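Hi,

Here is the structure I said I would pass on. Have a look at it first, and then read my notes below.

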Amino acid sequence: MAEIECARCGEVGEQLSKAPLRNELGERVLASICKGCWDEWLAYQTALINHYGLDVRDRDAREFLSKNMEAYLFETEEPEDIDTSQEGNIAW
């Protein structure tokens, strides 16, 4: 398996075997995010989906997750907090 210097953690780690998405963001993840950080994102993404009751078939939900993926992995901004007072609701 190939190794890369991860843009998120700064460590040299295992590269993903393929791009996780078929778009520019997926290619960026493949080129610069290690498997360990990707696995952390998947756990956080699951928490977001469950907390906000997201339907990933919904375009707005997918855009919400993509925005948070970029923020989480590339630290472009703060990812969405999991606000436990929201009780599974999100207003678009």
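A quick definition before anything else: I call a residue buried when its relative accessible area is under 20%, exposed when over 50%, and partly exposed in between, using a 1.4 Å probe and protein chains only. On that scale, buried residues make up 35% of the 92 residues in the protein.

Please keep in mind that this is a predicted model, where local features need pLDDT of at least 70 and side-chain atom pairs count only at pLDDT 80 or more, while totals for chains, interfaces and linings use all residues. Residues are numbered from 1 along each chain as its sequence is written, and side-chain values use heavy atoms, with hydrogens and water left out.

On to the fold. The protein has three helices and two strands, in the order β-β-α-α-α from the N terminus. Both kinds of element are DSSP runs numbered from the N terminus: helices are H or I with at least four residues, strands are E with at least two.

C6 is buried at 2% relative accessibility, and C37 is buried at 3%.

Helix 3 holds F64, which is buried at 9% relative accessibility. F64 and I49 are 15 residues apart along the chain, and their C-alpha atoms are separated by 10.0 Å.

On the surface, E75, E78, E80 and D81 gather in a patch of negative charge. For such a patch, residues need over 30% relative accessible area and no salt bridge, and like charges are joined within 9 Å. A salt bridge here is a side-chain nitrogen of Lys or Arg within 4 Å of a carboxyl oxygen of Asp or Glu.

One last thing about the backbone. Most residues other than glycine have a negative phi. E75 is not a glycine, yet it has a positive phi of about 50°.

Cheers

Note on methods
Patches are made of residues with over 30% relative accessible area and no salt bridge: like charges are joined within 9 Å, nonpolar side chains (Val, Leu, Ile, Met, Phe, Trp, Tyr) within 5 Å. Accessible areas come from the Shrake-Rupley method with a 1.4 Å probe; for residues, only the protein chains shown count as cover. Lys and Arg count as positive and Asp and Glu as negative; His and the chain ends are not counted. The place of a charge is taken as NZ of Lys, CZ of Arg, CG of Asp or CD of Glu.
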